[in-house]
Amino acid sequence: MTWHEKKAQSMAILDKYKDEISQEIYERILYVIDTQALEDIFPDERDIKDLIRIGKGETTTDELVKEIIQRYQKEWGVA
């Protein structure tokens, strides 16, 4: 998959949630997609859902980091 296709895939995921979020949140997440793409990193559906939760104020960055660590510990059988 090319760089453009990967970026388009992340943007398509974000577009699925466009009607559920404000324009400001949409633009912030789009900015994240753009800046991560510069490093060849592309948010997947779970990442975008997490960014939406932060944007809506449902969680903080610190809380999300803890959740992600726990998620990976569980997936990798470490803890």
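This is a predicted model: local features need pLDDT of at least 70, side-chain atom pairs count only at pLDDT 80 or more; totals for chains, interfaces and linings use all residues.
Read along the sequence, that gives the pattern α-α-α-α.

**Overall build**

- The C-alpha atoms fill a box of roughly 35 × 30 × 20 Å, taken along the principal axes.
- Of the chain's 79 residues, 23% count as buried.
- Take the contacts between residues at least 6 apart in sequence: 51% of them join residues at least 24 apart.

**Helix α1 and its buried side**

- The buried residues here are Lys7, Ser10, Ile13 and Leu14. They cover an arc of only 115° around the axis, which puts them on the same side of α1.
- As for partners, the buried residues of α1 pack against α2 and α3.

**A closer look at Ser10**

- Ser10 sits in helix α1 and is buried, with a relative accessible area of 1%.
- Setting aside neighbours within four places in sequence, Ser10 is in contact with Ile33, Phe42, Pro43 and Ile48.
- One of those contacts, Pro43, is 33 residues away along the chain, yet the C-alpha atoms of Ser10 and Pro43 are separated by 5.8 Å.
- Another, Ile33, is itself on the list of buried residues of α2.

**Helix α2**

- Helix α2 covers residues 23-37, 15 residues in total, and reaches 21 Å from first C-alpha to last, close to the 21 Å expected at 1.5 Å a residue.
- Its buried residues are Ile25, Tyr26, Ile29, Ile33 and Ala37. Seen down the axis of α2, they fall within an arc of 110°, so they line one face of the helix.
- Arg28 and Tyr31 are exposed on the other side of α2.
- The buried residues of α2 pack against α1 and α3.

**Salt bridges between helices**

- Some background: side chains of opposite charge can pair when their charged atoms come close.
- The count comes to seven salt bridges.
- One of them joins Lys16 and Glu45, whose closest N and O atoms are 3.0 Å apart. Lys16 lies in helix α1 (residues 3-16) and Glu45 in helix α3 (residues 45-55), so the pair ties together parts that are 29 residues apart in sequence.
- How accessible are these two? Lys16 is exposed, at 52% relative accessible area, while Glu45 is partly exposed, at 25%.
- Arg46 and Glu75 also meet through their side chains in a salt bridge, at 3.2 Å from N to O. Arg46 belongs to helix α3 and Glu75 to helix α4 (residues 61-76), so this pair, too, ties together parts that are 29 residues apart in sequence.
- Arg46 is partly exposed, with a relative accessible area of 31%, and Glu75 is partly exposed, at 47%.

- The side chains of Arg71 and Asp50 form a salt bridge with an N to O distance of 3.4 Å. Since Arg71 lies in helix α4 and Asp50 in helix α3, the pair ties together parts that are 21 residues apart in sequence.
- Is Asp50 buried or exposed? Asp50 is buried, with a relative accessible area of 6%.
- Salt bridges that share partners join Asp50, Arg53, Glu67 and Arg71 into one network.

- Tyr72, Trp76 and Val78 make a nonpolar surface patch of about 340 Å².
- Of these, Tyr72 lies in helix α4 and counts as partly exposed, at 31% relative accessibility.

Terms used. Residues are numbered from 1 along each chain as its sequence is written. Side-chain values use heavy atoms; hydrogens and water are left out. A salt bridge is a side-chain nitrogen of Lys or Arg within 4 Å of a carboxyl oxygen of Asp or Glu. Helices (H or I, at least four residues) and strands (E, at least two) are DSSP runs, numbered from the N terminus. Buried means under 20% relative accessible area, exposed over 50%, partly exposed in between (1.4 Å probe, protein chains only). The expected span of a helix is 1.5 Å times one less than its number of residues. The arc is that of the directions from the helix axis to the C-beta atoms. Contact means heavy atoms within 4.5 Å. Patches are made of residues with over 30% relative accessible area and no salt bridge: like charges are joined within 9 Å, nonpolar side chains (Val, Leu, Ile, Met, Phe, Trp, Tyr) within 5 Å. Accessible areas come from the Shrake-Rupley method with a 1.4 Å probe; for residues, only the protein chains shown count as cover.
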